[in-house]
Amino acid sequence: MREGHKGTGLGAMTPDGCAVEVYSRLPVMGEPDVIAGVAPAGAHILELGSGVGRMTHPLLERGFTVTAVDECAEMLERVRGARTVCSPIEELDLGERFDVVLLASFLVHTGDIEERRALLRTCLRHVGDDGFVLIQREGEDYHTNVPRERVDPSGFTVRIVSAEPVGDGVNSVRAEYVFPDATWTQTFQARPLTREQFEEALGEVGLRVDRYLTEDRIWVKAVPVG
Ligand SMILES: C[S@@+](CC[C@H](N)C(=O)[O-])C[C@H]1O[C@@H](n2cnc3c(N)ncnc32)[C@H](O)[C@@H]1O
């Protein structure tokens, strides 16, 4: 387990406390539409932290080629139709460049600043000359609007139970996934970032915002500086 991360419930867990079974059950939302709205037709996408392929599979259906990276082999076993690479994102160096590098699922909010820099450097290292990086960041009230929950029409509930400060601007966040037959929890550490702090974090590694893709500024197209 990564420090400050924990998962409870049945089945395999990732080092950041995600349950493989939960991610196999969660439906995809609008993410592939946002990505497809900006990625060139047929683009080769490097998806960092792909999990079981919740976003990978709809992207493949839209005609993209995907290389899916995750540090959890049990997650990657469930990915179909994409090349998979089992590795921590921080250490990834494929010696290849991609049209689009995708860093979704709020991974940029990791509590560890050095880890964040390493994640973003991996993005930079793998983006092609005419390519770009797509980042999914947290919404502005993610850490203040708690507790909150979303009841999915298919019958499960995702609940953010608490976000408690643990020092140095980092919160310990507890999430619950309640399905009719079972419940999983994930506790993880996340660092809220204002727009300015986020842009500064990109700048530290030689990336800059090209544009915010959604009104809530959660999805960001970033490009190498210069
Ligand atoms: C919250 S899940 C999201 C999975 C997928 N992006 C989705 O939206 O369904 C995060 C995934 O990223 C992986 N992950 C988190 N940090 C990672 C790291 N530093 N290196 C490699 N994989 C990582 C976890 O193993 C997990 O599968």
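Two strands count as paired here if DSSP finds at least two bridges between them. Strands themselves are DSSP runs of E, at least two residues long, and helices are runs of H or I with at least four, both numbered from the N terminus.

Okay, with that in hand. What we have is a predicted model, so a word on ground rules: local features need pLDDT of at least 70, side-chain atom pairs count only at pLDDT 80 or more, and totals for chains, interfaces and linings use all residues. Residue numbers run from 1 along each chain as its sequence is written.

Overall picture, then. The protein chain has six helices and twelve strands. Its radius of gyration, taken over C-alpha atoms, is 17 Å, close to the 17 Å from the globule rule (2.2 Å times the number of residues to the power 0.38) for 226 residues, so the chain is as compact as a globular protein of that length. Along the principal axes, the C-alpha atoms fill a box of roughly 45 × 40 × 30 Å. Buried residues, meaning those with 20 or more other C-beta atoms within 10 Å of their own, C-betas being placed from the backbone, come to 36% of the 226.

Now to β6, residues 127-136, where seven of the ten residues are buried. Which strands does β6 pair with? On one hand there's β5, residues 98-103, running parallel to β6 and joined to it by five bridges. Leu-102 has Leu-134 in β6 as its bridge partner. On the other hand there's β12, residues 219-224, antiparallel to β6 with four bridges, and there Gln-136 sits opposite Trp-219.

Between β5 and β6 comes helix α5, residues 113-126, and the three make a right-handed β-α-β unit. Right-handed means that, with the strands pointing away from you, the path from the first strand over the helix to the second runs clockwise.

From the record: UniProt, in an unreviewed entry, puts "domain: Methyltransferase type" at residues 46-135. In the model that span is 27% helix and 31% strand, and its end C-alpha atoms lie 12 Å apart.

Last stop, Pro-180, in the loop between β9 (170-178) and β10 (183-190). Buried or exposed? Pro-180 counts as exposed, because it has 9 C-beta neighbours inside 10 Å and the cut-off for exposed is 12 or fewer. Between the C-alpha atoms of Pro-180 and Phe-98 there are 41 Å, with 82 residues separating them along the chain.

Note on methods
UniProt positions renumbered as here; feature names shortened; annotations may be inferred.
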